[in-house]
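Q: Could you take me through the labels on this model and say what each one rests on? I'd like the cut-offs next to the values.

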Amino acid sequence: MTSELKRKKSGVKDADSAQLRPIGVIRSTIKSRSEAPRQGTEGAPDVWLEVHRFAAEAMDGLSVGDEIIVVTWLHRARRDVMKVHPRSDPQRRLTGVFATRSPDRPNPLGLHPVTIRRIVANRLRIGPIEAIDGTPVVDIKPVLCKIQKS
């Protein structure tokens with residue numbers, strides 16, 4: 001039996017492939033990219049994160065006041081962009097997207113540090129967050145410690 005066939009039978013995936021399954025969705029007053037601030041701290045609203053029923057049990061242990069990181073799939077991002085002018089400022093030199101917070105990138109994952117404001121059943125009121133309405137959420141992670149800048 002070839003190693004490839006053994007991998008397939010064992011359920012192990014190739015290192016070159018990945019699959020994400022959204023665990024929820026953002027419900028926001030921001031409806032388009034042009035309305036969204038560049039970062040949550042730049043005037044973004046609080047939103048509802050609706051956790052899908054299959055993942056609701058994973059919310060156990062979350063509390064109002066917790067700081068979390070919401071990982072989103074930036075579904076309206078361009079995946080073919082490799083360089084941008086940081087903050088869309090043409091006066092700044094073109095820079096590779098891995099050195100920026102541009103939503104346009106090969107794998108458009110968004111990282112959003114937010115605070116939990118309310119918990120109602122399978123919904124989290126969180127913010128501030130610049131994600132637009134309908135943005136898929138692929139994970140939620142707790143903030144374990146704050147990184148201090150020197």
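Predicted model: local features only at pLDDT ≥ 70, side-chain atom pairs only at ≥ 80, totals over all residues.

Q: Why is Arg-87 called partly exposed?
A: Its relative accessible area is 43%. Buried means under 20%, exposed means over 50%, and partly exposed is what falls in between, with a 1.4 Å probe and protein chains only. Residues are numbered from 1 along each chain as its sequence is written, and side-chain values use heavy atoms, leaving out hydrogens and water.

Q: Where is Arg-87 found, and what is its phi?
A: Arg-87 is in the loop between strand 4 (83–84) and strand 5 (95–96). Strands here are DSSP runs of E with at least two residues, helices are runs of H or I with at least four, and numbering starts at the N terminus. Phi of Arg-87 is near 55°, a positive value in a residue other than glycine.

Q: What makes Ala-121 count as exposed?
A: Ala-121 has 66% relative accessibility, so it lands in the exposed class. Its place is the loop between strand 6 and strand 7, and its phi is also positive, near 55°.

Q: Which label does Leu-144 get, buried or exposed?
A: Exposed, because its relative accessible area is 76%. Leu-144 sits in the segment after strand 8. Its C-alpha is 8.5 Å from that of Glu-67, 77 residues away along the chain.

Q: And why is Arg-118 called partly exposed?
A: Arg-118 is at 47% relative accessibility, which means partly exposed. Arg-118 belongs to strand 6. Leaving aside residues up to four places away in sequence, Arg-118 touches Trp-48, Val-64, Arg-123, Leu-124 and Arg-125; a contact needs heavy atoms within 4.5 Å. Val-64 is 54 residues from Arg-118 in sequence, yet their C-alpha atoms are 5.6 Å apart.

Q: What makes a set of residues a nonpolar core, and how many does the largest one have?
A: The members must be buried Ala, Val, Leu, Ile, Met, Phe, Trp, Tyr or Cys residues joined through side-chain atoms within 4.5 Å. The largest such core has 17 residues, and Ile-26, Leu-49, Ile-126 and Ile-140 have the most contacts inside it. Strand 2 (47–51), strand 3 (67–73), strand 6 (109–120), strand 7 (123–127) and strand 8 (136–142) each supply at least two of its residues. Strand 2 gives the largest share, three residues. Among the residues that Ile-126 touches are Ile-26, Leu-49, Ile-68 and Val-70.

Q: How do you know what counts as a pocket, and what is the volume of the largest one?
A: On a 1 Å grid over the protein atoms alone, a pocket is an open set of points with protein on both sides within 12 Å along at least five of seven lines, and lining residues have an atom within 4 Å of a point. The largest pocket comes to about 840 Å³, a volume being the space filled by probe spheres set on the points. Its lining has 31 residues, with Arg-38, Gln-39, Arg-101, Ser-102 and Pro-103 closest to the centre.

Q: Which peptide bond is cis?
A: The one joining Gly-127 and Pro-128, with omega about -10°. Pro-128 lies in the loop between strand 7 and strand 8.

Terms used
1 Å grid on protein atoms, 1.4 Å probe; cavity = no way out; pocket = protein on both sides within 12 Å on 5 of 7 lines; lining within 4 Å.
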